[in-house]
Amino acid sequence: MAMAALRREGRRFASLISPRPITAVRSSPLYPTLEDEGPLGLRHISTQVVRNRMKSVKNIQKITKAMKMVAASKLRAIQTKTENSRGLWQPFTALLGDLPSADVKKNVVVTISSDKGLCGGINSTSVKISKGLHKLNSGPEKETKYVILGEKAKAQLVRDSKKDIELIITELQKNPLNYTQVSVLADEILKNVEYDALRIVFNKFQSVVSFVPTVSTVLSPEIVEREAESGGKLGDLDSYEVEGGETKGEILQNLAEFQFSCTMFNAVLENACSEQGARMSAMDSSSRNAGDMLDRLTLTYNRTRQASITTELIEIISGASALEG
């Protein structure tokens with residue numbers, strides 16, 4: 001929108017300075033014609049250019065204010081879902097733990113970003129953390145792959161890590177987010193990647209002006225069982241009573257899949273909330289900057305117009321003095 005407004009402004013400016021015959025409005029020696037003012041009536045063009053620029057800035061300001069209101073409306077709709085989704089993955093963290101330091105061979109970094117821009121540095125932060133995790137978990141006997149959600153992370157990671165990208169999913173927020181949609185997405189990821197640890201990178205929503213980059217770790221059933229046998233946080237699994245004919249391995253498999261879908265659901269909602277909050281802040285800053293620019297342009301316009309009026313008065317007075325002399 002902003003670029004279109006600037007292009008329209010350029011076309012208006014070009015039409016003003018295009019060669020065309022200039023007709024004299026006053027032929028008396030006492031009143032100078034437009035030709036006497038300089039080539040192409042420069043005195044009048046300066047104020048016209050400033051008026052056009054003011055009009056463009058006003059249009060941009062209207063757009064940014066509208067985008068801020070739209071982001072605020074979307075934020076209110078998503079925030080309640082986000083707060084409710086936090087109760088889904090917290091029991092899994094209490095049961096299976098969250099072990100970001102687990103040493104495994106096959107790591108998958110799931111980077112969650114937005115499909116649209118104009119939301120500050122929220123996507124750059126996620127990509128930067130993902131690259132750090134990739135570097136930290138890389139080694140001669142280790143393998144680290146990317147799963148990308150969102151156009152913005154895709155655009156940044158494809159440039160220098162294309163060979164490590166396993167799966168790309170975009171247009172996630174085309175429809176309202178719900179658990180069914182995200183669980184299908186999680187199932188698609190589990191079918192297409194082999195992993196020992198899934199490291200989900202997202203931005204956790206705190207307030208409209210604050211979000212925290214967060215990494216949640218989901219371990220595979222084999223690694224969970226290994227960590228449980230070695231004690232530590234996961235050593236309490238054997239203290240739970242298991243009902244039914246399922247084996248411990250099958251239960252861990254089901255728990256790991258359900259944990260991943262719940263964690264993904266919360267992560268997608270948290271990131272969507274952070275995106276709308278960041279977009280609100282960015283559009284508010286843009287609107288205020290447009291207002292400041294409009295004030296400066298108004299001052300410039302008034303000064304230019306006053307200078308033109310003063311010059312014409314001086315010329316009239318000089319001509320009158322010359323006649324009297």
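The model is predicted. Helix H7 spans residues 248-324, and H7 packs against helix H5 at an angle of about 125°. The axes of H7 and helix H6 also come within 9 Å. The largest pocket has a volume of about 550 Å³, and H7 is one of the helices that supply at least two residues of its lining.

**H5 and H7**

- Helix H5 covers residues 179-192, and its axis lies 9 Å from that of H7, at an angle of about 125°.
- This angle is why H5 counts as oblique to H7.
- H5 passes H7 in a right-handed crossing.
- On the H5 side, the contact is made by Tyr179, Val182, Ser183, Leu185, Ala186, Ile189 and Leu190.
- On the H7 side, the contact residues are Glu257, Phe258, Phe260, Ser261, Cys262, Met264 and Phe265.
- Sorted by class, the contact of H5 with H7 has eleven nonpolar, two polar and one charged residues.

**H6 and H7**

- Helix H6 runs over residues 221-229, and its axis crosses that of H7 at roughly 115°.
- The crossing of H6 past H7 is right-handed.
- H6 contributes Pro221, Val224 and Glu225 to the contact, while H7 contributes Lys248, Leu252, Gln253 and Ala256.
- The contact of H6 with H7 has four nonpolar, one polar and two charged residues by class.

**H3 and H4**

- Helix H3 (residues 122-136) and helix H4 (residues 151-161) have axes that come within 9 Å and cross at roughly 40°.
- H3 and H4 are therefore oblique to each other.
- H3 passes H4 in a right-handed crossing.
- Asn123, Ser124, Val127 and Lys131 of H3 meet Lys152, Ala153, Gln156, Leu157 and Asp160 of H4.
- This contact of H3 with H4 is made up of three nonpolar, three polar and three charged residues.

**The largest pocket**

- Rolling a probe the size of a water molecule over the atoms shows where empty space is left.
- The largest pocket has a volume of about 550 Å³, and 21 residues line it.
- Of these lining residues, Lys74, Ile78, Lys116, Gln173 and Gln276 lie nearest the pocket's centre.
- Helix H2 (42-96) and H7 each supply at least two residues of the lining.
- H2 gives the most to the lining of the largest pocket, with seven residues.
- By class, the lining of the largest pocket has eight nonpolar, five polar and eight charged residues.

Conventions
Residues are numbered from 1 along each chain as its sequence is written. This is a predicted model: local features need pLDDT of at least 70, side-chain atom pairs count only at pLDDT 80 or more; totals for chains, interfaces and linings use all residues. Side-chain values use heavy atoms; hydrogens and water are left out. Axes are lines fitted to C-alpha atoms, for helices over the stretch in contact, and angles run from 0 to 180 degrees between N-to-C directions. Helices (H or I, at least four residues) and strands (E, at least two) are DSSP runs, numbered from the N terminus. A crossing is left-handed if the near helix is turned anticlockwise from the far one by less than a right angle, and right-handed if clockwise. Contact means heavy atoms within 4.5 Å. Ala, Val, Leu, Ile, Met, Phe, Trp, Tyr, Cys and Pro count as nonpolar, Asp, Glu, Lys and Arg as charged, and the others, Gly among them, as polar. On a 1 Å grid over the protein atoms alone, a cavity is a set of points where a 1.4 Å probe fits but cannot get out, and a pocket is an open set with protein on both sides within 12 Å along at least five of seven lines; lining residues have an atom within 4 Å of a point. Grid points are joined across faces, edges and corners, and a volume is the space filled by probe spheres set on the points. Angles under 35 degrees count as roughly parallel, over 145 as roughly antiparallel, 65 to 115 as roughly perpendicular and the rest as oblique.
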